[in-house]
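Below is a short briefing on one protein model.

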Amino acid sequence: MSGAVRCRAGPGEARRRRGAPWEVKEYISKKTDRTVDRLGNFTRQSDESIADPMGWTEESKRALKFDIIARDVGREVSELAKLAEVLERLVPDINVKTMKAEVLSKLLLGMDDVSMRLILLKEVFPYCNVSKLVSRNLFLLLDPDMSKVMQGCEEVRGILAAESFDEGEAKRLFDQSPEMIVPSLFKEAVSEVKRLFPGKQAKSVLLSNPDIALSVQNLEHQERGNYEL
């Protein structure tokens, strides 16, 4: 079993010296660790502490995803794997291994469009980590109406200017709250800050309190819809 841990069960040292009435044997556990409290009871462990089934490695998960896409679109698995490598070089922050096959398929089959969009976004926001920005907001790469995407980016630039963000501050904002690339969320965040903190600069509050940006998010562009985890 991949990631499984071999454990030994048996009596304490003192008991062993006296001669234990049982035999100590090894066994395989699905748990990758065996954390206990001071009384020897197993503590509650997260799902991450459970080993994957034997053979279910990151490579096998990736291969299965490419196999599903290949059957759906009529392409060779090797071709899709090469396209995925290109995608990961262009967008190093993107999480291919947990991305839904349907979403990954759209990106791989539209690599020319992906490259063009990355260039356009970098021209609009030259100070930003565009890789992180699109990874957290895949609609920037997937929305069929690129003109609408660029219009939204111009709206965001207008809000940045109106709130007196310089390039360094704008970079900080997008690094800590990439969701602010959505103009409606950015406007709502600014409005909420001005309501809660009258007299303070909205940019100062947003930069020092990223949780405020999170509190105004809606479900429309949340990244979890594009990923399996």
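Where is the place of Ser 164? Ser 164 sits in the loop between helix 8 and helix 9. The model is a predicted one, in which local features need pLDDT of at least 70 and side-chain atom pairs count only at pLDDT 80 or more, while totals for chains, interfaces and linings use all residues. Residues are numbered from 1 along each chain as its sequence is written, and side-chain values use heavy atoms, with hydrogens and water left out.

**Ser 164**

- The phi of Ser 164 is near 65°, a positive value in a residue other than glycine.
- Most residues other than glycine have a negative phi.
- Ser 164 has a relative accessible area of 44% and is therefore partly exposed; buried means under 20% relative accessible area, exposed over 50%, and partly exposed in between (1.4 Å probe, protein chains only).

**Overall make-up**

- The protein chain contains twelve helices and two strands. Helices (H or I, at least four residues) and strands (E, at least two) are DSSP runs, numbered from the N terminus.
- Read from the N terminus, the order of elements is β-α-β-α-α-α-α-α-α-α-α-α-α-α.
- The chain has 229 residues, of which 35% count as buried.
- Its accessible surface is about 13800 Å², and 51% of that belongs to carbon and sulfur atoms. The areas come from the Shrake-Rupley method with a 1.4 Å probe.
- Among contacts with a separation of 6 or more, 60% are between residues 24 or more positions apart. Contact means heavy atoms within 4.5 Å.

**Helix 8 and helix 10**

- Helix 8 (residues 146–162) packs with helix 10 (residues 183–196) at an angle of about 20°, and their axes are 9 Å apart. Axes are lines fitted to C-alpha atoms, for helices over the stretch in contact, and angles run from 0 to 180 degrees between N-to-C directions.
- This angle is why helix 8 counts as roughly parallel to helix 10; the class covers angles under 35 degrees.
- The crossing of the two helices is left-handed, meaning that the near helix is turned anticlockwise from the far one by less than a right angle.
- Helix 8 contributes Gly 152, Glu 155, Val 156, Ile 159 and Leu 160 to the contact, and helix 10 contributes Pro 183, Phe 186, Lys 187 and Val 190.
- By class, these residues are six nonpolar, one polar and two charged. Ala, Val, Leu, Ile, Met, Phe, Trp, Tyr, Cys and Pro count as nonpolar, Asp, Glu, Lys and Arg as charged, and the others, Gly among them, as polar.

**Helix 3 and helix 5**

- The axes of helix 3 (residues 77–90) and helix 5 (residues 111–124) come within 11 Å and cross at roughly 5°, so helix 3 is roughly parallel to helix 5.
- Leu 83, Val 86, Leu 87 and Leu 90 of helix 3 meet Met 111, Val 114, Ser 115 and Leu 118 of helix 5.
- This contact has seven nonpolar, one polar and no charged residues.

- Val 190, in helix 10, is buried because its relative accessibility is 7%.
- Apart from neighbours within four places in sequence, Val 190 contacts Ile 159, Glu 163, Ala 202 and Leu 206.
- The C-alpha atoms of Val 190 and Gln 201 are separated by 9.4 Å, with the two residues eleven apart along the chain.
- Ser 177 lies in the loop between helix 9 (167–176) and helix 10, and is buried with a relative accessible area of 2%.
- Not counting residues up to four places away in sequence, Ser 177 touches Pro 210 and Ala 213.

Conventions:
Parallel < 35°, antiparallel > 145°, perpendicular 65-115°, else oblique.
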